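Here are some quick notes on the model you sent over. Have it open while you read, and start with the overall picture before zooming in.

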Amino acid sequence: MSEINHAGEETADRIADRAEFSRTLAQSDYDNVTVLALSEAADVLTDRRRELIDALRVGEYGSVRDLAREVGRDKGAVSRDLAVLAEHGVTTLEENGRAKRPVLRTGTIVVEPVAVTHG
């Protein structure tokens, strides 16, 4: 695995490693896999966002408002969380008349593995 540079940015090698890992999972019958960078997983997969992912896994919602009602949260907060998840390829919003229907884009979310070698 590659490194994070001194400015805290991912190197091209690390991004390529994550893409290769995703391809390997897809070839092993893991369809619709999203691989998150270790450095961003804690920020992306908060308890509230995982709650939204779980709700979308088991049910369908005609709108963001419907999903917000289901989880007992403010629609604006749910919209912001869905936007973060969409930015990382986990969810998307589909047009549903005047509403936007939240949908999972991925079946499996994996945090990139950490490889440590001694030698």
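What share of the residues of the chain count as buried?

1. The answer is 32% of the 119 residues. Keep in mind that this is a predicted model.

2. As for the layout, the chain has five helices and four strands, and from the N terminus they run α-β-α-α-α-α-β-β-β. Among contacts with a separation of 6 or more, 53% are between residues 24 or more positions apart.

3. I'd look at α3 next. The end C-alpha atoms of α3 are 17 Å apart, which agrees with the 16 Å that its twelve residues should span at 1.5 Å a residue. Seen down the axis, the buried residues of α3 fall within an arc of 160 degrees, so they line one face of the helix.

4. Which residues of α3 are buried? They are R49, L52, I53, A55 and L56; on the other side, D47 and V58 are exposed. The cover over the buried ones includes α2 (38–44), α4 (64–71) and α5 (75–87), along with β2 (91–96), β3 (99–104) and β4 (108–111).

5. R49 sits in α3 (residues 47–58) and counts as buried because its relative accessibility is 12%, below the 20% cut-off. Leaving out residues up to four places away in sequence, R49 touches D43, V44, D81, V84 and L85. A polar atom of the R49 side chain lies 2.5 Å from the backbone oxygen of D43.

How values were computed: Residues numbered from 1 in each chain as written. Predicted model: local features only at pLDDT ≥ 70, side-chain atom pairs only at ≥ 80, totals over all residues. Heavy atoms only, no water. Helix = DSSP H or I, 4+ residues; strand = E, 2+ residues; numbered from the N terminus. Buried < 20%, exposed > 50% of the residue type's maximum accessible area, 1.4 Å probe, protein only. Polar contact = N/O pair within 3.5 Å; in protein donor to acceptor, adjacent residues only side chain to side chain. Contact = heavy atoms within 4.5 Å. Expected span 1.5 Å × (residues − 1). Arc of directions from axis to C-beta.
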